[in-house]
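Hello,

Here is the structure I promised to pass on to you. Have a look at it first, and then read my notes below.

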Amino acid sequence: AGLVPIVLAPRSYVTCAAIGLACAIAATLARGVLVAELGSNLRWPTYFLSVLIAAVLGGPTGTVAAILASVVLGSTVFVPQPFAYPARLAFDAVSVGLFAAIASCIATVAILLRHALLRVHERTRALEREIARRKAAEDLAGARSAELESVLTALPVAVWFGRDATCDVVVGNPAAYAIFGATSGNLSPSAPPAERSDLLRVRGDGGVIATADLPMQRAGRTGRPVLGETIELEFRDGRRTQVLMSAVPLHEPDGSVRGVVGAGLDVTAEAEARMELAFDNEALSRLVAVGGRCASSGASLQECLDEILAAALVLTGATRGTLQLFEPASRTLRLAAHHGFAAHFTDFFAIVGPDGAAACSAALDASQRVVVEDVEASALFDRATRGVLRDAGVRAVQSTPLRSVNGNVLAG
């Protein structure tokens, strides 16, 4: 294989002719060795070999030069009295003619083989170049794929890949799996039951969204991008995550959809912040309204207390509550307003003394809010108080003392 480029290397006409002449001279020297060593005076065998070599290395030009030089050298060197008399002249002429004919046939076959070898060599080189090009392309694609994988791993944005137009198989980057509380697997809602994630349902502005109408599935079905839709993912463990999502279909050359790419951003914190801001604005508006009504000349104390209790229920998200006024002389709390409780409850807590087994008296003593998450497990209540709370369906309690501008407790 290493000699092929040398044999087939392009050469000038002078170089090819020189190769043919050199081959003829070498054949003459070889013939001399045979004559000296073996006593054999065969005229043409070494020259046939020289023509073959010249045809392979020098092509047609080298062949012609080798044949001409071989005829001259083979007819004169080591030949006693060539063409000396008519019979010898005829013999030598026939010998030269036969040599030229046979050498031409040998050279023709050699040149044809050389051309065939050249074509094979060119095709081999072209194939090697193509293999090298494809390997370089594969290496580049592998490097790009590794770069893309690194980018997807580092991205805080969730990216999903639907493997088909219906998105029956969906995989994602680490951020996408993190939203689902998983590390791998099929994230498609239409996956086989054994492969499905913990996703329970998906909600939008109009309620629960059918699987076929999810952003990625819709993009795969219609072949058009779906941009900037906010959906809420509800999981079996009770988690809810809001995602701002877009989906873009991937097309084959014939226009058919072969897959879908989806990108989403977890906006749960932003949504909660907006809700809290709206809640704070509503609470502030309600407190301003309560303050305005209570400051009006026509408002009664009971109306003001009822308004204050209603505002407190909204601010805390509670469904039931009481408001008790503090009487400094007796250091007792007197029930002044209530909402959602029956007479048995309000009668029991109508007046709570400083030693009462209730959250309100504990908050008064501590001068700070008291929160009881489990009424049944708390040692704050005695049996009677716990029974009244149980009968009223109360399982958790919080009590907050209300103070004046100078720090004195007014109510709880």
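This is a predicted model: local features need pLDDT of at least 70, side-chain atom pairs count only at pLDDT 80 or more; totals for chains, interfaces and linings use all residues.

Arg331 sits in the loop that links strand S8 (321–327) and strand S9 (332–339).

Cys167 is found in the loop between S1 and strand S2 (170–172). With a relative accessibility of 0%, Cys167 counts as buried.

Now for the cores. In soluble globular proteins, nonpolar side chains tend to be buried together. Here the largest nonpolar core has 23 residues. Trp160, Ile179, Phe180, Met216, Leu233 and Val243 are those with the most contacts inside it. At least two residues of this core come from each of these elements: strand S1 (158–162), helix H5 (174–179), strand S3 (199–204), helix H6 (215–222), strand S5 (226–235) and strand S6 (240–251). Another core, of 20 residues, lies apart from it and includes Ala359, Val370, Val375 and Val394.

Leaving aside neighbours within four places in sequence, Val243 is in contact with several residues, among them Trp160, Ile179, Leu233, Leu265 and Val267.

Next, two pairs of helices. How do helix H7 (residues 268–295) and helix H8 (residues 301–316) run relative to each other? Their axes come within 10 Å and cross at roughly 175 degrees, so H7 and H8 are roughly antiparallel. On the H7 side, the contact includes Phe279, Glu282, Leu287 and Val290, while Cys304, Glu307, Ile308 and Leu315 are among the H8 residues. The contact residues of this pair divide into 10 nonpolar, no polar and 4 charged.

The axes of helix H2 (residues 13–38) and helix H3 (residues 45–76) come within 8 Å and cross at roughly 50 degrees. H2 and H3 are therefore oblique to each other. Their contact residues divide into 19 nonpolar, 9 polar and 1 charged.

Enjoy exploring, and write back with any questions.

Best wishes

Technical notes. Residues are numbered from 1 along each chain as its sequence is written. Side-chain values use heavy atoms; hydrogens and water are left out. Axes are lines fitted to C-alpha atoms, for helices over the stretch in contact, and angles run from 0 to 180 degrees between N-to-C directions. Helices (H or I, at least four residues) and strands (E, at least two) are DSSP runs, numbered from the N terminus. Angles under 35 degrees count as roughly parallel, over 145 as roughly antiparallel, 65 to 115 as roughly perpendicular and the rest as oblique. Contact means heavy atoms within 4.5 Å. Ala, Val, Leu, Ile, Met, Phe, Trp, Tyr, Cys and Pro count as nonpolar, Asp, Glu, Lys and Arg as charged, and the others, Gly among them, as polar. A nonpolar core is a set of buried Ala, Val, Leu, Ile, Met, Phe, Trp, Tyr and Cys residues joined through side-chain atoms within 4.5 Å. Buried means under 20% relative accessible area, exposed over 50%, partly exposed in between (1.4 Å probe, protein chains only).
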